[in-house]
Each structure stands twice: as C-alpha cells, then as structure tokens.
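Here is a short briefing on a pocket and the nonpolar cores of one protein model. Look at the structure first, then read the points below.

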Amino acid sequence: MDWFMIWLNGFSLAAQGLLHMAFLCRLTGQRGRAWQFALYLLLLSGIEAAFSAAGWGAPAAMAAALAALYAMSRLALRNRPVPSCTAALLAVYVFQMAAGMVNSVEALFYPHVSMGLPVYALIVLSVLASIALCALCYGLVLRLLPLEEDEPNLGLLPLPGLFFLAAELYILETAYSRLSLSPEPPGRHLALLALQALGLAALLCTLYAYRRACRGVRAQAELASLSQSVQAQRTYVAEAQARYEKTRSFRHDLQNHLSVLDGLLSAGRTEEARSYLAKMEAASDALAPPCRTGDPAVDALLGEKLALAEAKGIPAEISLRLPADGSLDSFDLCVIAANALDNALRACGEAEGEPFLRVRGERQGDFYRLEFENSCAPGPPPEPGTGLRNIRAAAEKYGGAAAYEKTGGRFRLDVLLNISRQPGGRSERSP
C-alpha cells in the first residue's frame, strides 16, 4: 500500500503541475516551454517534500504552491502582477474544488468497499475523476474569461477568487482530511457536494458577470470613439462650409481683382501690381487648410488640434502624407489621430520644460506607420486607457498594432497599419 500511495501521489502531483501551468499559459495568452513546466513540477515536488517532513498542514502547502505559480507567471512568463495573481488563484482553486467534489462522492462509497483490490480501484478512479473534472472546469473558466493585459477592472477578480479558495480549503480540511471506514450518513456528504457545486456555480457566474461588464466597458469606449469621429466630421463640415463661403466670395471678387491688376500693368505701375498680387496670394493661401495630408477629414481634424496646440503654446511639427489609393478609411484615421493628439496635448500640459509635439507618417512597403511623439511628465508609463484601446481597435481592423514607450520626458506612440488589407482583414490584392 505504501508503494502504491507513493506512485499515486507522484502521479497526482505531476498532473497537478501540468494542469496548473497549462491553464496559466492559456489564460494569460503565453506559450509555455518545456523547461517552465519542468521547473514548476520541481517546485511542487520540493514544496510537498518539505512540508510533509515538517508536518505542516495543507493550508501552508497550498499557500506555497500558490506563491510558486504566481512566481512562475511573473518571472518565467513575464505576465503583469494582477493577471498573474488572478490566474494563480483560479488555477489552484479549481483544482482543489475538483478534488473536493470527487472526495464527496468517494466518501459515500469508501466505507462499503472491501479492502484489497476494490480499494485500490476506488482510489485510482477518484484521482482520475478529479483530474478529468478539473480539466473540464478549466475549460469552462477559459471560455468565460479570455484574460488580456488591458482588461478593465481586472483587479476586482483576485478577492472573490481568494474567498472561493479559502472556503474550499476549509471544506477539505474539516470534512475530508481523513476518510472513515465506518458508514456515515450520506446526507452530510451530499450536502458538502452540493455546497462545492454551488461554489463552482458562483465562480462561473462571477466570471460571466465580469465578462459582461467588460463588454459594457468596451461598448462605452466604442461609443466614445464614434462620438469623437462624429465630432471630427462635424468640424470638417463646418470648416468646409466656412472655406466654401470664403472661396465663393474670393471668386466673386476675382474679376474685379484681375481688372485692377490689368489697369496697374497697363499704366506701367509694375511694383504696385506685384504688391497687389502678393495680397491676392495671401488671401488665396488663407483658404487652404493648415495641413494637407490628402484626406479632407484628417486635414480638418489636424487643423483643429493645431489650433488648440497653438493656443496652449505647444510647438507642433507635422509631416504626414496619407496614401492616395483610399486604403485607409477617414473614420479610422480620425479615431487614431483624435485620441493620440488629445492624449499628447494633455501630456504636454503636464510636462516640465519646453513642450513639443511631432506627428509623422510614412509608407513602409505594405504598411503605413504613424508616429506621435510629445513631451510629458517624467515617471512610469501610463496604464492603457480608453484612448489607447480605441487606437488599438482601429489598428486591429487593418491587421496592425499600436505600441508606446516612455523615456524620461518623452512619450512616443507607434501605430502600424497594413494598407494591403481592407478593414476587417480582407486583402485588396488578387490571389
């Protein structure tokens, strides 16, 4: 029996380590390597051996396993603290919950099984059932919680996860630390089984509610993005109407201007004619937008943001020429530019020293790269907010990406768009 239990405990520990790491990698979107799995199995084995030799209870061993899994997520997989904590809590809780539910069923049959081969069969079957149930529950959690680095309010999940884990640990310690050979009332075990099933249901409901809340936050962000785009289009229409009125007025007076020039030239007053022509050129230039990117809506938006920058005393430098083939939609460009420039102007207002703002755009093969650079206050990089999520959503429509970095008092945002694809992932090229 001793050798049997040693091999069974080793098998259970290996299954636990593999399931923990596989769940952690899937939940955080990382690709686990063989050495990472082996290292975690080694850590679990060391924890099991040390705590068994010291005679410490299951709570201390579980806390150590939780710390080891968190450390693997942070140090080996390079995940952020909050996703690491959430994934570790869920991994350990679900595994212990599956073992507890199987223990509830096992306790019903254990007093009625004769010693010998039937006992061995029952124990092996229980271990396999707990592993299968754990894998099933992991799949349910993964469907309800596609964990990402920039998920909003992710810090709300570790606390309920810790509560579920503590409750399950209490049940395991008080009810199933030792299986009794004497018959017990089945109602007690059925009640504990129902209690643990309710705990699992409560966890899944919590994750479902969290997913719905995340969708609501994303919907609000998309609505804000649409509002920004609508505002940009309204600004463009208003500026276009104003420019049209000025152009019509200029064209109305153009014949008179030409007559004046003809009279000055006929009278030999060349210098006066040149001065008059310079005034006409200045009036003509005033009708053009301050930025000419090739997209009227983007021109209007940049003109509005440049006026805000000038009012705040922020020097702005724009070198931007958009593709003329219509591969980039005005709506998406306005979303990217509006969010990036709003963040940049806000950061410039908080910067120390001379503020600056630069916008550059260039084509690089099948890609178009937008770069926004501005002054900012020193400190760590900011957490992704609504503006950056809107920019990333617009970039992903073109199979692109957005990344940012902060160095001292300089912040830079790079947006890469695949202009060989239409929004939604369809290629413009013929196969």
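This is a predicted model: local features need pLDDT of at least 70, side-chain atom pairs count only at pLDDT 80 or more; totals for chains, interfaces and linings use all residues.

Residues are numbered from 1 along each chain as its sequence is written, and side-chain values use heavy atoms, with hydrogens and water left out.

**Pocket**
- A pocket is an open set of points on a 1 Å grid over the protein atoms alone where a 1.4 Å probe fits, with protein on both sides within 12 Å along at least five of seven lines; its lining residues have an atom within 4 Å of a point.
- The second largest pocket is lined by 30 residues, and those nearest its centre are Asn343, Ala344, Arg346, Pro382 and Phe411.
- Helix H10 (330-350) gives the most to this lining, with nine residues; helices here are DSSP runs of H or I with at least four residues, numbered from the N terminus.

**Nonpolar cores**
- A nonpolar core is a set of buried (under 20% relative accessible area, 1.4 Å probe, protein chains only) Ala, Val, Leu, Ile, Met, Phe, Trp, Tyr and Cys residues joined through side-chain atoms within 4.5 Å.
- The largest nonpolar core has 58 residues, and Met21, Phe23, Leu69, Val94 and Tyr138 have the most contacts (heavy atoms within 4.5 Å) inside it.
- Helix H4 (81-109) gives the most to this core, with 12 residues.
- Leu69 touches residues including His20, Tyr40 and Val92, leaving aside residues up to four places away in sequence.
- A second, separate core has 39 residues, among them Val359, Phe372, Ala395 and Leu413.

Key. Helices (H or I, at least four residues) and strands (E, at least two) are DSSP runs, numbered from the N terminus. Buried means under 20% relative accessible area, exposed over 50%, partly exposed in between (1.4 Å probe, protein chains only).
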